[in-house]
Amino acid sequence: MPDSEAQPRLTFGIYPGGAAGSVARSGPARPEDPALRLAALERLRSPGRPFVLHLYVGYTGPGGYSARDQIGTELAAYAAAGFQTEVAICYRPAGGGSDADVAGFVAFVRTTVESFARDPGFVSVQVTNEANVGGAPDACDGAYLGARDALIDGVIAAHEVVQANRFSGVRVGFNWAYSTEQDQEVFWRYLGRTGGPRFTGALDWVGLDAYPFTWNSPDPPASSDELAVATARWMDRALSLLRSTYLPFAGIPDTVSLQLSENGYPTGPGRTDAMQATVLRAAVTAVHQARRADNVTGYRWFDLRDADSSGPSFESGYGIMRDDYSPKPAFAVYRQLVAEFGAR
């Protein structure tokens, strides 16, 4: 798709952690070092350009920790360093999910937005995480009963809090994990039918979680050139499917922007550092070029640091840094792309 400077440039960001929700068993994450983490983030961003840190909190039930208890200290440190932040509010009820949990989650969303929206640099809230995917309770909210209703009611509640308090700088959205399974049409039609105009009118953005040649994909091409071309086509297909096929099922208009909430490619067995750098460059370039046609405004890489660089599972190796904060080649690639394509 042709590029155009008439469309605003992408606002870049990253999940600054190492631990990741996993589909398979991947082992514990090695401890993080907040000072090294912050220094790495400072190296990634470009002067005069926004850089958004994508954080996660979880609702586990009425007796669980508040969002402020979970990440308040971390969020304050990022704000003091001049970073923007956004928070994904995950629906992870300890009992597996119920109508009472949906109501509890909605209250949790309201409290979280009311609390964090007053913090410097807080720009966005994501309601639920990958509610369209079941069977992976450590990674996807769709494994819990009531996830779709939690998404709908939570988005409406977050929007109401933003409007009532005039938090004009805070945008509300949710994410969708790329899938071509037949049940995805059912998911989107449910959102539109159940949520209706109150739901679609509350949305500022919809996020895409996309992991080329990682989940539900064929093995990656062997050569670097073939991998780059295949990644660009993969990203174009995912964006087009979301924008042109699925969003209309829910009645979500083109004026609601898209962003890459998670885009990643791990290193590990059969996956080299060079392959990660190739995928990152090709994916970011494809999204930048498609931003006008698909109304894409943001991009978040997943993630900063490996959970365990020596672990046997590639799910421990999503970082563009190793678990000791030494950079992989993709780190320099991402830094250069943020400087070249990032919003001013």
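**Briefing: a barrel of parallel strands and its surrounding helices**

Both faces of strand β1 (residues 11-14) are covered, with Thr11 and Gly13 buried on one side and Phe12 and Ile14 buried on the other. Buried denotes under 20% relative accessible area, exposed over 50%, and partly exposed in between (1.4 Å probe, protein chains only). This is a predicted model, in which local features need pLDDT of at least 70, side-chain atom pairs count only at pLDDT 80 or more, and totals for chains, interfaces and linings use all residues. Residues are numbered from 1 along each chain as its sequence is written, and side-chain values use heavy atoms, with hydrogens and water left out.

- A closed barrel of 8 strands runs β1-β2-β3-β4-β5-β6-β7-β8, with parallel pairing; from one strand to the next, the twist averages 30 degrees.
- Strands (E, at least two residues) and helices (H or I, at least four) are DSSP runs numbered from the N terminus, and two strands pair if DSSP finds at least two bridges between them.
- β1 pairs with strand β8 (residues 296-301) in the parallel sense over 4 bridges, and Gly13 has Arg300 as its bridge partner in β8.
- β1 also pairs in the parallel sense with strand β2 (residues 51-59), over 3 bridges; here Ile14 stands opposite Leu53.
- Strand β3 (residues 84-91) and strand β4 (residues 122-127) run parallel and are joined by 5 bridges, with Val87 opposite Val125 in β4.

**Helix α7 and its packing**

- Two packed helices are described by the angle between their axes and the distance between the axes.
- Helix α7 (residues 273-294) packs with helix α8 (residues 329-341) at an angle of about 15 degrees, their axes being 8 Å apart.
- Axes are lines fitted to C-alpha atoms, for helices over the stretch in contact, and angles run from 0 to 180 degrees between N-to-C directions.
- α7 and α8 are therefore roughly parallel to each other, given that angles under 35 degrees count as roughly parallel, over 145 as roughly antiparallel, 65 to 115 as roughly perpendicular and the rest as oblique.
- The α7 side of this contact includes Asp273, Leu280 and His288, and the α8 side includes Pro329, Val333 and Phe341.
- The residues of the contact of α7 with α8 divide into 9 nonpolar, 4 polar and 2 charged; Ala, Val, Leu, Ile, Met, Phe, Trp, Tyr, Cys and Pro count as nonpolar, Asp, Glu, Lys and Arg as charged, and the others, Gly among them, as polar.
- α7 also lies across β1, β7 (257-263) and β8, running at about 165 degrees to β8.

**Individual residues**

- Thr231 lies in helix α6 (residues 224-250) and counts as buried because its relative accessibility is 0%.
- Apart from residues up to four places away in sequence, Thr231 touches Pro212, Phe213, Val279, Ala282 and Ala283, where contact means heavy atoms within 4.5 Å.
- Ala222, in the loop between β6 (205-210) and α6, has 81% relative accessibility and so counts as exposed.
- Ala222 and Met275 are 53 residues apart in sequence, and their C-alpha atoms are 9.1 Å apart in space.
- Asp323, in the loop between β8 and α8, counts as buried because its relative accessibility is 16%.
- With neighbours within four places in sequence left aside, Asp323 is in contact with Arg30, Arg305, Asp306, Ala307, Asp308, Ser309 and Ser310.
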